[in-house]
Amino acid sequence: MLHGRLRERTVLDDLLAAARSGRSGAVVLRGEAGIGKSALLAYAAGNAADLRVLRCAGIESESEFPFAAVHQVLRPLAGLIDAIPARQAEALRAAFGTAPAAGGDRFLVSLAVLSVLAEAAEERPVVGLIDDAHWLDGASADALTFVARRLDADPVAMLFAAREGFAAPGLPELTVAGLDPQAAGALLAERSTVDLPEAVRDSIVASTAGN
């Protein structure tokens, strides 16, 4: 359960509602490790049962593999690659290693990702959840932020969760800070296996600064 976070939940709810009504949107949830970014993505996923949810997470050990994260996102949509322009499809297949290299045109690959998501959104609104975006491989980070900046009338929402180190120029950002003392105390009471004395609970809340 998310304690507090009314501002963040409202932003996510608005993005999902926009996708349902045929409009696109994107946001970068920015905050330190453990602050609750992944929980917010889980909240969005839990409220998007009527949407097509696509997920990926940056993995530090895969950060040197070009388009590794894009492959995670688009794998459920592989059947739609044939529906996009031929040059884009060829570039995307080459990026995924299923076709001969086509010159490594990242612009074409990024256009292809946009086209595949637009095709998918014609069937059902789409929400893309990208966790640990600071660990995305560079090619995927460029492609996914390229897409998020160019979504227009497509019912697609793109949600990124990242620490510092993830560049997303042109995209709206929302800083995820620590919980206020009341919400942090409620979370601690919910998760604790023992009945903590108030002084101990307050000390833990203060020392973690709501993280």
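This is a predicted model: local features need pLDDT of at least 70, side-chain atom pairs count only at pLDDT 80 or more; totals for chains, interfaces and linings use all residues.
## The cavity

Empty space inside a protein can be searched for. Rolling a probe the size of a water molecule over the atoms shows where such space is left. Here, a search of the whole structure finds one cavity of 30 Å³ or more. The largest cavity holds about 40 Å³ of space.

Which residues line the largest cavity? They are A57, G58, I59, E62, S63, A68, A69, Q72, W135, L136 and D137. Helix α3, residues 68-74, gives the largest share of this lining, with three residues. By type, the lining of the largest cavity has six nonpolar residues, three polar and two charged.

## How to read a helix pair

Two packed helices are described by the angle between their axes and the distance between the axes. The pairs below are set out in that way, followed by the residues that meet.

## Helices α1 and α2

Helix α1 covers residues 6-20, and helix α2 covers residues 37-46. Their axes come within 10 Å and cross at roughly 40°. That angle makes α1 oblique to α2. The crossing of α1 and α2 is right-handed.

On the α1 side, the contact uses E8, R9, L12, D13 and L16. These meet L40, Y43 and A44 in α2. The contact of α1 with α2 divides into five nonpolar residues, no polar ones and three charged.

## Helices α4 and α5

Helix α4 runs over residues 86-95. Its axis and that of α5 come within 8 Å and cross at roughly 105°. Angles of 65 to 115 degrees count as roughly perpendicular, so α4 and α5 are roughly perpendicular to each other.

Which residues of α4 meet α5? They are R87, Q88, A91, L92 and A95. Their partners in α5 are L108, V109, L111, A112, V113, S115 and V116. The contact of α4 with α5 has nine nonpolar residues, two polar and one charged.

## Helices α5 and α6

Helix α5 spans residues 106-123, and helix α6 spans residues 138-150. The two axes come within 9 Å. They cross at roughly 55°. That makes α5 oblique to α6. The crossing of α5 and α6 is right-handed.

From α5, the residues in contact are R106, F107, S110, L111, V113, L114 and L117. From α6, they are G138, A139, D142, A143, F146, V147 and R150. The contact of α5 with α6 divides into nine nonpolar residues, two polar and three charged.

Methods:
Residues are numbered from 1 along each chain as its sequence is written. Side-chain values use heavy atoms; hydrogens and water are left out. On a 1 Å grid over the protein atoms alone, a cavity is a set of points where a 1.4 Å probe fits but cannot get out, and a pocket is an open set with protein on both sides within 12 Å along at least five of seven lines; lining residues have an atom within 4 Å of a point. Grid points are joined across faces, edges and corners, and a volume is the space filled by probe spheres set on the points. Helices (H or I, at least four residues) and strands (E, at least two) are DSSP runs, numbered from the N terminus. Ala, Val, Leu, Ile, Met, Phe, Trp, Tyr, Cys and Pro count as nonpolar, Asp, Glu, Lys and Arg as charged, and the others, Gly among them, as polar. Axes are lines fitted to C-alpha atoms, for helices over the stretch in contact, and angles run from 0 to 180 degrees between N-to-C directions. Angles under 35 degrees count as roughly parallel, over 145 as roughly antiparallel, 65 to 115 as roughly perpendicular and the rest as oblique. A crossing is left-handed if the near helix is turned anticlockwise from the far one by less than a right angle, and right-handed if clockwise. Contact means heavy atoms within 4.5 Å.
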